[in-house]
Amino acid sequence: MELSIGLLVESAPKRQRYNRVAHILFGLSAHAQLCPDTRRRFLSAAVEYLTSGFSISDIEQFRRSCGEHPDWPAEDWVISAAQEALVSARAEAVLRSAVSCLELPFIEDAVGESHQAPLMTMKRGRLESKELREVRDQIRVVEAYADLRDYGAMNKAMSRLSVLASSLHQATVILNRVESVLVQLEVIRRSVELWLGAGNLEAVRGLVGTATATLMTQAVECLLQVQGCGPSPLAPQQRNVENMISEMEEYMLFFSIVRSLCMFVDQNFSGFARVFTGNGLRVAGWSPAVEEFSKKRNHLRVSAPLGGAGNAIGPISGIHNLRQLVDASITSGPQLGVMVLFSAIAALPRAEALELVTRMDIMSLWEDVPEASALVQALQLAKWGVFFDVASVLNFSFLKTDIFACKHSEVLHRLVVQSVVLEYANAFLRLDMRKAAVQLSIPLGELQEVLRELILEGRLQARMDLVSLVLTSAKFNRDIDDYSPRSLALLDCIRRSDMAMTDIEQSLRLLSMHRNHAWR
């Protein structure tokens with residue numbers, strides 16, 4: 001099977017990349033063998049990540065895993081003792097440097113003029129201020145343990161960091177309270193990114209729950225109170241407030257996407273897909289205050305040009321930096337795009353699903369995947385043979401190979417198939433399953449199995465006649481009770497005509513078999 005390192009690995013955050021390569025090399029099922037050229041490229045990438053990293057334990061595990069495959073040429077995965085020694089020395093230096101920061105007295109750095117965007121400059125300045133020196137230094141320690149893949153030590157350091165951030169002095173001035181909350185949100189965000197790098201969504205789940213929702217609510221309430229959430233003049237303090245509002249919006253987007261990943265692993269595919277619809281990415285059910293904040297900001301973006309201030313981007317129909325944020329901090333953009341695509345098809349009505357997945361910001365996630373484009377086009381044109389073939393390819397290439405989606409890929413793929421069959425079956429009162437199998441390009445036996453599952457799950461109200469191979473909707477008898485005698489006679493003629501056509505088809509098949517037998 002041919003897989004793209006660029007789409008599956010290099011598009012993900014840096015700390016996730018080795019874990020993704022290792023999952024593809026060692027975590028796929030035995031029958032999903034990579035072709036030699038693809039395997040060689042992934043082994044080469046793994047060696048590069050390991051030798052440029054900080055983890056000796058990962059190198060040792062990589063050797064053991066490769067050793068279990070005697071058919072893999074050793075030259076494709078060998079890491080020399082000299083390379084390992086360099087990694088060990090680099091790891092020791094990084095940890096020593098991080099820990100020493102906690103012991104050294106504070107020395108203010110001479111920072112020259114920054115060319116960063118105002119939002120990034122403000123974040124940098126906040127964490128580099130004298131009052132937050134301890135928080136900044138503790139973050140360095142946490143990140144050092146993450147680079148060393150010592151997740152036990154990282155978790156303990158995170159606990160100390162969380163206590164430190166939450167114990168910040170809470171001033172009575174509203175603006176200072178916002179600063180304090182934003183610092184705590186930044187600490188939580190850094191922690192989430194590190195646990196995502198470790199592939200541990202269970203640890204992430206506790207970081208995007210009630211406590212984070214409370215912090216976000218406090219921040220937006222203070223910001224609404226300070227400014228009324230309106231366009232501001234260029235006064236320094238007001239501009240600072242505008243920057244904090246933009247920063248808050250970025251936190252809302254980040255935590256909403258992370259929360260959606262937790263829904264995905266809970267197999268709440270409907271909730272996952274709906275996070276990406278409408279206001280979902282900015283709201284995601286955090287709180288009424290957050291929702292009000294988002295609506296007001298969107299209204300002001302639309303009306304700002306009339307007042308000569310602000311940045312008009314139109315209604316909340318898309319987020320221009322979605323792909324950039326996902327790739328840099330959360331997961332692989334193309335794989336998240338395929339997850340959204342499958343979940344929308346499986347859980348939403350077809351029109352709503354198509355509206356979602358063809359929105360510009362969502363398209364930015366999957367537009368680099370040719371098979372995803374083919375899937376959307378097949379869904380639009382009802383080319384079911386192409387649709388099911390491409391869905392199978394995407395399931396293996398982008399869901400099974402993802403460190404978050406892999407355990408749920410088969411369930412989601414099955415739901416996609418079921419959703420198409422369910423929509424098709426609901427369009428008929430009486431359905432000839434043989435004709436339906438031809439129309440849907442599904443083997444008759446598989447179609448019967450899918451229909452049986454839908455009936456048993458209560459999603460399809462119908463009964464199957466396995467002798468005549470006819471599916472009859474439960475609405476059939478109820479719907480004809482009020483029909484006139486002429487309508488009933490017409491329905492009877494249609495039924496008899498269907499039965500006659502079935503008999504003719506069977507006779508033609510028998511005749512063809514007899515002729516073939518005679519020619520032999």
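Leaving aside its neighbours within four places in sequence, Phe-387 is in contact (heavy atoms within 4.5 Å) with Ile-345, Leu-375, Ala-378, Leu-379, Val-416 and Val-420. The model is predicted: local features need pLDDT of at least 70, side-chain atom pairs count only at pLDDT 80 or more, and totals for chains, interfaces and linings use all residues. Residues are numbered from 1 along each chain as its sequence is written, and side-chain values use heavy atoms, with hydrogens and water left out.

Phe-387 lies in helix α21 (residues 384-400). Helices (H or I, at least four residues) and strands (E, at least two) are DSSP runs, numbered from the N terminus. The relative accessibility of Phe-387 is 0%, so this residue counts as buried. Buried means under 20% relative accessible area, exposed over 50%, and partly exposed in between (1.4 Å probe, protein chains only). Gln-377 is ten residues away along the chain, and its C-alpha atom is separated from that of Phe-387 by 8.4 Å.

Helix α17 spans residues 333-347, 15 residues in total. Its first and last C-alpha atoms are 21 Å apart, close to the 21 Å expected at 1.5 Å a residue. The expected span is 1.5 Å times one less than the number of residues. Of the 15 residues of α17, 14 are buried, so the helix is largely enclosed by the rest of the structure.

Helix α22 (residues 409-425) packs against α17 at an angle of about 40 degrees, and the axes are 8 Å apart. Axes are lines fitted to C-alpha atoms, for helices over the stretch in contact; angles run from 0 to 180 degrees between N-to-C directions. The two helices are therefore oblique to each other. Angles under 35 degrees count as roughly parallel, over 145 as roughly antiparallel, 65 to 115 as roughly perpendicular and the rest as oblique. On the α17 side, the contact is made by Met-339, Phe-342, Ser-343, Ile-345 and Ala-346. On the α22 side, Leu-412, His-413, Leu-415, Val-416 and Ser-419 take part.

Three strands form an open sheet in the order β1-β3-β2, with antiparallel pairing. Strands pair if DSSP finds at least two bridges between them. The edge strands, β1 (430-432) and β2, each pair on one side only. Neighbouring strands are turned by 20 degrees against each other on average, direction ignored. Three bridges join β1 to β3; Arg-430 has Thr-472 as its bridge partner in β3. Helix α24 (residues 444-456) packs on the sheet and touches β2 and β3. Its direction makes about 145 degrees with that of β2.
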